[in-house]
Amino acid sequence: MSTSRMEAFSDGVLAIILTIMVLELRRPEADTFAAFLQGTGPALLTYLLSFIYVGIYWNNHHHTLQMTDSVKAPAMWANLALLFFLSLLPFATGWMDETSFARVPVIIYGTTLLLSSMAFFILQRVIIHSQGEYSPLRRALGRDRKGKAPALLYALGVLAAALDTTSSGIGVAIALSAYVVVALLWFIPDRRIDRTYHSDASA
């Protein structure tokens, strides 16, 4: 099947995820900047982080599908798994915000990011397998160290928060820092696929 249908469906789901997240932002209780900063300010930060993550997946998903002309059933199921885990992001984002970054919600948020990362990794590997020995996606990704790094940082963050059983909050701070670092790492779009795609197109 052509990739256009899968990409269009994925774009629609990601758009709905963003819509749900923005609708869950709390409105200030008064018409003052102080009320805005106190009631909505922290939620905007968690929304921004999750918005960036959805944008990163949308961008990389598009670039990945640039490297293949068609998808088979395994890739379609892998794509659905990715969308499933990403669809949990509004819940995890809202819970983390409502509890002021409590330990368990931070763990759940990191686990959601970890599972999404693993699902995207599997999707790429399924596509590479279907393309065979001379897979253009495999050539573009190479050893894919950048693609493997997020899962390690998410796991580190989740573990740090899980071990933070005291009131110090150091483990939670480490977890949040890991999540932000990954977002910053991927905020600039991955150029590897673009370079390979344009190189093949001009060949």
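## Exercise 1: The largest pocket

The largest pocket is lined by Met 1, Arg 5, Met 6, Phe 9, Ala 73, Met 76, Trp 77, Asn 79 and Leu 80. This is a predicted model, in which local features need pLDDT of at least 70 and side-chain atom pairs count only at pLDDT 80 or more, while totals for chains, interfaces and linings use all residues. Residues are numbered from 1 along each chain as its sequence is written, and side-chain values use heavy atoms, with hydrogens and water left out.

**Task.** Find which elements give two or more residues to the lining of the largest pocket, and sort the lining residues into nonpolar, polar and charged.

**Solution.** 

1. Begin with the term: on a 1 Å grid over the protein atoms alone, a pocket is an open set of points where a 1.4 Å probe fits, with protein on both sides within 12 Å along at least five of seven lines, and lining residues have an atom within 4 Å of a point.
2. Helix H1 (3-23) and helix H4 (73-87) are the elements that each give two or more residues to this lining. Helices here are DSSP runs of H or I with at least four residues, strands are runs of E with at least two, and both are numbered from the N terminus.
3. H4 supplies the largest share, 5 residues.
4. Sorting the lining gives 7 nonpolar residues, 1 polar and 1 charged. In this scheme Ala, Val, Leu, Ile, Met, Phe, Trp, Tyr, Cys and Pro are nonpolar, Asp, Glu, Lys and Arg are charged, and the others, Gly among them, are polar.
5. The space in the largest pocket comes to about 180 Å³, where grid points are joined across faces, edges and corners and the volume is the space filled by probe spheres set on the points.

## Exercise 2: Aromatic pairs

**Task.** Describe how the rings of Tyr 47 and Phe 51 are arranged, and then those of Phe 84 and Phe 85.

**Solution.** 

1. Rings of Phe, Tyr and Trp (its six-membered ring) pair if their centres lie within 6.5 Å; planes under 30 degrees apart are stacked, over 60 edge-to-face, and the rest tilted.
2. A search of the whole structure finds 7 aromatic pairs. In one of them, the ring centres of Tyr 47 and Phe 51 are 5.8 Å apart with planes at 50 degrees, so the pair is tilted.
3. Tyr 47 and Phe 51 are 4 residues apart in helix H3 (residues 41-66), about one helical turn. Tyr 47 is buried at 17%, whereas Phe 51 is partly exposed at 38%.
4. For Phe 84 and Phe 85, the centres are 5.3 Å apart and the planes at 65 degrees, so this pair is edge-to-face. Phe 84 is partly exposed, at 48%.
5. Tyr 53, Tyr 109, Tyr 154 and Tyr 179 form one aromatic cluster.

## Exercise 3: The whole chain

**Task.** How many helices and strands does the protein chain have, and what radius of gyration does the chain have?

**Solution.** 

1. Counting elements gives 10 helices and 0 strands.
2. For 203 residues, a compact globule would have a radius of gyration near 17 Å; the chain has 19 Å, which agrees. The radius is taken over C-alpha atoms, and the globule rule is 2.2 Å times the number of residues to the power 0.38.
3. Buried residues make up 42% of the 203 residues.

Technical notes: Buried means under 20% relative accessible area, exposed over 50%, partly exposed in between (1.4 Å probe, protein chains only).
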